[in-house]
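Here is a short note for a colleague who is opening this model now.

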Amino acid sequence: MKKTALSLLITTLSLGSVGLSSVAFASEQTPTDAELTGQRVYHHMENMVAFMEDNGLNNFEFPGLADHTWDVITPALDHIYAKAMLDVSAGPVELKVAPREDNRYASLHLVDAEHFSVYNQVTPEEGGSYLIVREGADYEVPKGQYIDTITVKDDFIFSFIRVQTFEYRDDGAADQWRKQLKVKSVEPASEIDLPERTNIRAVIEFADTISDGWAQTHDNMQTIIADTDFDQQRLAEVRRYVHDLGTSGSSSTIYLALSIRVMQMTSLMKGAARC
């Protein structure tokens with residue numbers, strides 16, 4: 001009995017020491033607010049740069065239905081997308097959506113340069129046009145019967161449209177609906193110099209340049225752009241921290257559980273000693 005209890009205690013203490021080292025590592029490597037902002041913005045904008053390389057501006061892409069190969073935590077299995085980077089820097093953009101069946105879900109979602117949602121609404125059954133306008137821009141805003149006039153704080157805003165398929169494989173109706181989407185721009189799309197996607201700070205700076213940003217994240221953005229130590233290695237560490245925090249709990253939580261187990265085993269050892 002004593003040997004069994006002792007073995008269990010040694011094992012638990014060994015795990016506890018791992019927990020201690022994990023806590024120490026986490027304490028030393030815990031990302032700053034600026035680094036967390038940087039990894040979020042880079043993750044989004046690096047993908048947006050790749051999208052613009054492939055599709056340009058004001059052009060829709062119609063990807064297939066999400067499956068296990070998609071780099072998404074919970075890929076949707078009952079709707080498909082249409083995506084476009086809309087250029088509102090020199091003039092407003094009209095986005096026309098087709099009428100839809102009353103039982104078929106469809107929505108317009110706009111995402112800014114820092115990966116924040118700035119608009120998300122279900123499209124009306126009768127269809128119509130949205131007008132998207134750059135806040136503070138010095139251009140004429142047309143008047144008309146619009147579903148909504150949306151003001152954004154970015155030169156380029158990412159449009160993410162969803163349409164329901166009702167089943168895993170679309171019967172063609174959802175695909176036909178999304179391919180009726182139309183973008184009408186008053187001015188030609190801008191000619192832009194895209195940053196090298198592997199250049200983390202250049203990609204984040206590009207996001208900062210095309211957007212007015214947010215007061216809450218402004219200082220973090222400027223800090224991370226100026227941080228020459230925020231390289232691919234540090235980005236990988238920050239990503240690992242975020243991943244571990246989100247999937248397995250913090251090291252401190254694990255260590256607390258191990259500490260409780262040590263106390264339980266200590267009580268067991270005392271009981272064994274009396275046997």
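1. Phe160 has 16% relative accessibility, so Phe160 counts as buried (under 20% relative accessible area; exposed is over 50%, partly exposed in between, with a 1.4 Å probe and protein chains only). Phe158 is buried too, at 6%. Tyr81 is buried at 9%, and Phe51 at 7%.

2. The model is predicted: local features need pLDDT of at least 70, side-chain atom pairs count only at pLDDT 80 or more, and totals for chains, interfaces and linings use all residues. Residues are numbered from 1 along each chain as its sequence is written, and side-chain values use heavy atoms, without hydrogens and water.

3. Six aromatic pairs turn up in the whole structure (ring centres of Phe, Tyr or the six-membered ring of Trp within 6.5 Å; planes under 30 degrees apart are stacked, over 60 edge-to-face, the rest tilted). The ring centres of Phe51 and Phe158 are 5.3 Å apart and the planes stand at 85°, so this pair is edge-to-face. Phe51 is in helix 2 and Phe158 in strand 7 (residues 156–164), so the pair ties together parts 107 residues apart in sequence (helices are DSSP runs of H or I, at least four residues; strands are E, at least two; both are numbered from the N terminus).

4. The rings of Tyr81 and Phe160 have centres 4.8 Å apart and planes at 35°, so that pair is tilted. Tyr81 belongs to strand 1 (residues 79–87) and Phe160 to strand 7, so parts 79 residues apart in sequence are tied together. One aromatic cluster holds Phe51, Tyr81, Phe158 and Phe160.
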